[in-house]
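User: I am new to this structure and would like a close look at a single part of it. Please start there and then connect that part to its surroundings.

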Amino acid sequence: MLKLENLSVAVNDRQILHDVNLHIKPGEVHVLFGPNGTGKSTLIGAIMGFSRYKITAGKIYFKGQDITNLSVDERARRGIGVMIQRPPTLRGLSVREMVRICGKKHTNVEMLADKTNLIEFLDRGVNEGFSGGEIKRSELLQLMAQQPDLVMLDEPESGVDIENIAVVGQAANYILERGLRKNGQTIRKRRTDRQKSGLIITHTGHILEYVPADTAHVMYQGTLSCSGNPQEMLTCIHEKGYEECVNCAL
């Protein structure tokens with residue numbers, strides 16, 4: 001689904017990522033841990049093709065095709081979707097209209113809005129006066145409509161209160177088609193002919209209670225330093241910190 005080969009990325013002429021290699025197969029969900037400022041959001045931005053992230057070396061492949069030089073809209077058309085940390089406010093464009101723009105034909109806007117508790121927000125401007133949790137749910141609503149094959153979520157739990165974390169987690173799980181979750185366990189898988197993949201940035205790990213991840217990586221000093229079991233790595237990070245976790249793995 002996604003393959004990064006020796007990817008290096010700069011922002012404002014400052015090198016942020018160095019020789020990143022990553023392979024996400026169809027149907028896999030990978031989670032990305034790492035301290036602030038180490039390049040996690042830069043990685044997602046570069047994969048999506050945002051202009052401020054300049055690729056200085058390496059390649060990005062999606063579904064076997066080189067997309068390194070494609071525009072953001074072309075990557076979205078091919079099936080890449082993203083939830084960013086700080087999306088803009090779009091005055092004059094309602095949530096309902098935005099979902100229809102993102103969605104495929106015959107998208108049931110009300111049904112998707114009900115899953116994210118956003119029915120009453122449909123005729124408001126996108127993110128206009130929204131709380132942090134409402135913005136997250138609005139982003140997920142748009143992704144539900146888009147139905148991307150590769151879903152990238154940048155800190156989906158950030159700014160979300162305890163009451164809404166379950167809504168965010170279940171919506172993310174719905175998009176990724178990972179199955180119904182209860183008490184951290186998958187109790188029923190959704191049947192689908194499409195194998196969706198995901199890349200999730202998380203600090204707290206709360207999202208893993210709703211979306212089962214296959215592999216975890218630690219990004220440290222601009223590169224993927226180690227990979228392993230998500231829960232084991234999260235425990236190591238909580239107990240020893242990132243530097244000790246990376247040194248142990250190396």
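In which sense do strand β4 (residues 54-62) and β5 pair, and over how many bridges?

Analyst: β4 and β5 pair in the antiparallel sense, over 2 bridges. This is a predicted model, in which local features need pLDDT of at least 70 and side-chain atom pairs count only at pLDDT 80 or more, while totals for chains, interfaces and linings use all residues. Residues are numbered from 1 along each chain as its sequence is written, and side-chain values use heavy atoms, with hydrogens and water left out.

Two strands count as paired if DSSP finds at least two bridges between them. Strands themselves are DSSP runs of E with at least two residues, helices are runs of H or I with at least four, and the numbering starts at the N terminus. Strands of a sheet pair through backbone hydrogen bonds, either parallel or antiparallel.

Of the 9 residues of α1, 8 are buried, among them L43, I44 and I47. Buried means under 20% relative accessible area, exposed means over 50%, and partly exposed lies in between, with a 1.4 Å probe and protein chains only. Just after α1, G49 has a positive phi of about 95°.

The loop between β1 and β2 holds D13. Its phi is near 65°, a positive value in a residue other than glycine. Most residues other than glycine have a negative phi, and most peptide bonds are trans. D13 has 83% relative accessibility, so it counts as exposed.

A second open sheet has 6 strands in the order β6-β9-β12-β3-β13-β14, and its pairing is mixed. β6 (80-83) and β14 are the edge strands, each pairing on one side only. From one strand to the next, the twist averages 20°.

Within this sheet, strand β3 (residues 29-33) runs parallel to β13 and is joined to it by 4 bridges. β3 also runs parallel to strand β12 (residues 197-201), again with 4 bridges. V31 stands opposite A216 in β13 and opposite I200 in β12.

Strand β13 (residues 215-220) is largely enclosed by the rest of the structure, because 5 of its 6 residues are buried. It runs antiparallel to strand β14 (residues 223-228), with 5 bridges between them. The hairpin of β13 and β14 has 2 residues between the strands. Q221 is found in this loop, and its phi is positive, about 55°, although it is not a glycine. With a relative accessible area of 61%, Q221 is exposed.

Helix α5 (residues 132-146) lies across β6 and β9 (150-154), running at about 170° to β6. Helix α7 (residues 230-240) lies across β3, β13 and β14, running at about 35° to β13.

Turning to side chains, the whole structure contains 1 aromatic pair. F121 and F130 form it edge-to-face, with 5.1 Å centre to centre and 80° between the planes. Rings of Phe, Tyr and Trp (its six-membered ring) pair if their centres lie within 6.5 Å; planes under 30 degrees apart are stacked, over 60 edge-to-face, and the rest tilted. F121 is buried at 5% relative accessibility, and F130 is buried at 10%.

Finally, I119 lies in the loop between α4 (109-115) and β8 (125-126). It is partly exposed, with a relative accessible area of 42%. Leaving aside neighbours within four places in sequence, I119 is in contact with E110, A113 and D114. The C-alpha atoms of I119 and V95 are separated by 9.7 Å, with the two residues 24 apart along the chain.

How values were computed: Axes fitted to C-alpha atoms, helices over the stretch in contact; angles between N-to-C directions. Contact = heavy atoms within 4.5 Å.
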